[in-house]
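User: Hi! I'm just getting started with protein models and I'd like to go through one with you. Could you take my questions one at a time?

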Amino acid sequence: MAERTDWEEKAKALLRAEMARKSVTYGQLVERLHGIGIEENERNLRNKVSRGKFTAGFFLQCLSALGSTQLHLE
């Protein structure tokens with residue numbers, strides 16, 4: 001099994017932090033993703049985020065669905 005990189009951990013932490021900041025659950029994020037035309041289910045979303053294995057494009061889709069306009073990397 002491939003080891004998770006520091007960058008994947010950072011991406012996972014940033015997405016989770018933004019979800020917490022917006023008080024959005026995984027189920028709510030799935031609904032919001034559907035609203036912008038992204039078909040995802042809650043189980044797959046949880047797995048992607050838990051593993052930290054997702055594309056930059058998917059990360060940006062999630063941020064858009066969350067209504068995020070700024071991201072603090074520190």
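User: What percentage of the 74 residues of the chain count as buried?
Analyst: First, a bit of background: this is a predicted model, where local features need pLDDT of at least 70, side-chain atom pairs count only at pLDDT 80 or more, and totals for chains, interfaces and linings use all residues. Residues are numbered from 1 along each chain as its sequence is written, and side-chain values use heavy atoms, with hydrogens and water left out. Buried means under 20% relative accessible area, exposed means over 50%, and partly exposed is in between (1.4 Å probe, protein chains only). Of the chain's 74 residues, the buried share is 34%.

User: How confident is the predictor, and in which helix is confidence highest?
Analyst: The score to look at is pLDDT, the predictor's confidence in each residue, from 0 to 100. Its mean over the chain is 93, with 95% of residues reaching 70 or more. Confidence is lowest in helix H1 (residues 6–21), at a mean of 94, while the highest value, 98, goes to helix H2 (residues 26–35).

User: How many helices and strands are there, and what pattern do they follow?
Analyst: Helices (H or I, at least four residues) and strands (E, at least two) are DSSP runs, numbered from the N terminus. The chain has four helices and zero strands. Reading along the sequence, you get α-α-α-α.

User: What radius of gyration does the chain have?
Analyst: This radius is taken over C-alpha atoms, and the globule rule is 2.2 Å times the number of residues to the power 0.38. The C-alpha trace spans about 35 × 25 × 20 Å along its principal axes. For 74 residues, a compact globule would come out near 11 Å, which agrees with the chain's own 12 Å.

User: Of the contacts between residues at least 6 apart in sequence, what percentage join residues at least 24 apart?
Analyst: A contact means heavy atoms within 4.5 Å. Among the contacts you asked about, the share is 64%.

User: Where does Ser23 lie, and what is its phi?
Analyst: Ser23 sits in the loop between H1 and H2. It counts as exposed because its relative accessible area is 60%. Most residues other than glycine have a negative phi. Ser23 is not a glycine, yet its phi is positive, at about 55 degrees.

User: Is Arg43 buried or exposed?
Analyst: Arg43 is part of helix H3 (residues 42–51). Its C-alpha atom is 19 Å from that of Ala11, 32 residues away along the chain. Its relative accessibility is 66%, so Arg43 counts as exposed.

User: What is the C-alpha to C-alpha distance between Arg46 and Gly27?
Analyst: Arg46 is found in helix H3. At 40% relative accessibility, Arg46 counts as partly exposed. In sequence, Arg46 and Gly27 are 19 residues apart, and in space their distance is 9.3 Å.

User: How far apart are the mean positions of the positive and negative charges?
Analyst: Lys and Arg count as positive and Asp and Glu as negative, leaving out His and the chain ends. Each charge is placed at NZ of Lys, CZ of Arg, CG of Asp or CD of Glu. With 12 positive and 10 negative charges, the separation of the mean positions is 2 Å.
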